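Dear colleague,

Please find below the structure that I am handing over to you. My notes on what was found in it follow.

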Amino acid sequence: MAVDQDTMNMLKTESAGAPAVDLSWLDLGQTWGMQAKPGKRGLTLDEVNIGPYGPPGDESKEMTYRARGAVPREGVPRIGYYLDKKADVWSDNATLLYEEAVQRQWSSATDIPWETLEPLPDEIERAFCQLCTFLTEVEFIAGDTPGQWVPRISNEHFETKLFLCSQIMDEGRHLDVFRKRALANGGGLLQASPTSSLRTIINARDFTEMSAIMHVQAEGFVQSMFRMGELIAKNEAEKRMFRLCAQDESRHLGFGVMHLKYTLEHEPERREEIHAYLDESENADPETGTFGINVAESLILLLGGGKDNVDEGFNKFMALRKRQVLEYIHRLNVAGLDDRADRMDPVMRMMLETP
Ligand SMILES: [Fe+2]
Ligand SMILES: [Fe+2]
């Protein structure tokens, strides 16, 4: 379209009256010439944590959306981050776990040998479907919970935010793989759990409280179960499902243990407070521990191989509970909460007395 003479004149006038350009930002290169170099594992987050881009000290107070290392300026808005203290959210292994998570994603559609599923006796299929129903609920909470915390954490500690985002992706895949298994062999989802322990996790009001009871305790219990997956599974598809989920859970647990360690080392005055959170969560379901009764019974059937073998199933179930508690105590010891065994919930302590 041709531009008429009046429009040309107007454009010329506006251009003549335009404000002088401000190119002062061109001189802001505070790290100009500093170059991040790939390491053995590529250009990971550790390789770009150089100079002012590295993690801040414990006293940083950044609550705006300024990216760590960017040049500060006035007028940058706050958008509701309130966890700005490093000890509130930090874990020394978050960068490593995030990079590993990105590299080790798998597909529930194509990495599980679904063709190895075969018809199972009805009671075994129902038991597996009940277990999958419970695990699907667990995985929803394990994704929803970190999802609540990402927008509360300062960008100064983006390593934790990235790790939590990778966890949400992992848990999304876990909930979908158990859902798929429930539907893939003619069974389907069974009854929802009435237990309240999952609500304790999502209701946590403090990040360290959430991490201790979700990452270390609940995901620890789930991990101990996944590691006994060879005994629960009836075919290669189920074994692979447990193995791949266990690989992901190791990262979630690893974050939680190292976060707790960091907090206890930097804010030792929080020890009693953290014990109190665990007192509450260990006691969340006094009748059946971690599981609702349906889930406990489904595991007993699966571990024993059917209703006629309940004794053997029960013994193996108790061995699983014992393993869960032993590994839980071990992880807390690694985190520095080595006095936990002395004040553990009595029901949990009973598990340790199982032969
Ligand atoms: Fe999970
Ligand atoms: Fe997890």
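Predicted model: local features only at pLDDT ≥ 70, side-chain atom pairs only at ≥ 80, totals over all residues.

Helices here are DSSP runs of H or I with at least four residues, numbered from the N terminus. The crossing of α6 and α8 is left-handed, that is, the near helix is turned anticlockwise from the far one by less than a right angle.

The contact (heavy atoms within 4.5 Å) includes Phe163, Glu171 and Phe178 of α6, and Met214, His215 and Glu219 of α8. By class, this contact has 6 nonpolar, 3 polar and 2 charged residues; Ala, Val, Leu, Ile, Met, Phe, Trp, Tyr, Cys and Pro count as nonpolar, Asp, Glu, Lys and Arg as charged, and the others, Gly among them, as polar.

Turning to the metals, the iron ion (ligand 1) is coordinated by Glu139, Glu171, His174 and Glu249, at 2.0 to 2.3 Å. Donors are N, O and S atoms within 2.8 Å of the metal (3.2 Å for Na, K and Ca); water is not among the atoms, so sites may look incomplete. The iron ion (ligand 2) is coordinated by Glu171, Glu219, Glu249 and His252, at 1.8 to 2.2 Å. The two iron ions are 3.3 Å apart, and glutamate 171 coordinates both.

Why is the arrangement around the iron ion (ligand 2) irregular? The 4 donor atoms there subtend angles of 90 to 164°, which makes it so. Four donors count as tetrahedral if all angles lie between 85 and 135 degrees; four count as square planar and six as octahedral if opposite donors are over 155 degrees apart and all others between 65 and 115; anything else is irregular. The site of the iron ion (ligand 1), with angles of 82 to 149°, is irregular.

Glutamate 171 and histidine 174 both lie in helix α6, 3 residues apart, about one turn of the helix. Glutamate 171 counts as buried because its relative accessibility is 0%, and glutamate 249 counts as buried at 2%. Buried means under 20% relative accessible area, exposed over 50%, partly exposed in between (1.4 Å probe, protein chains only).

Residues are numbered from 1 along each chain as its sequence is written, and chains are lettered from A and ligands numbered from 1 in the order in which they are written. Local features need pLDDT of at least 70, and side-chain atom pairs count only at pLDDT 80 or more, while totals for chains, interfaces and linings use all residues; side-chain values use heavy atoms, with hydrogens and water left out.

Yours sincerely

Key
Helix = DSSP H or I, 4+ residues; strand = E, 2+ residues; numbered from the N terminus.
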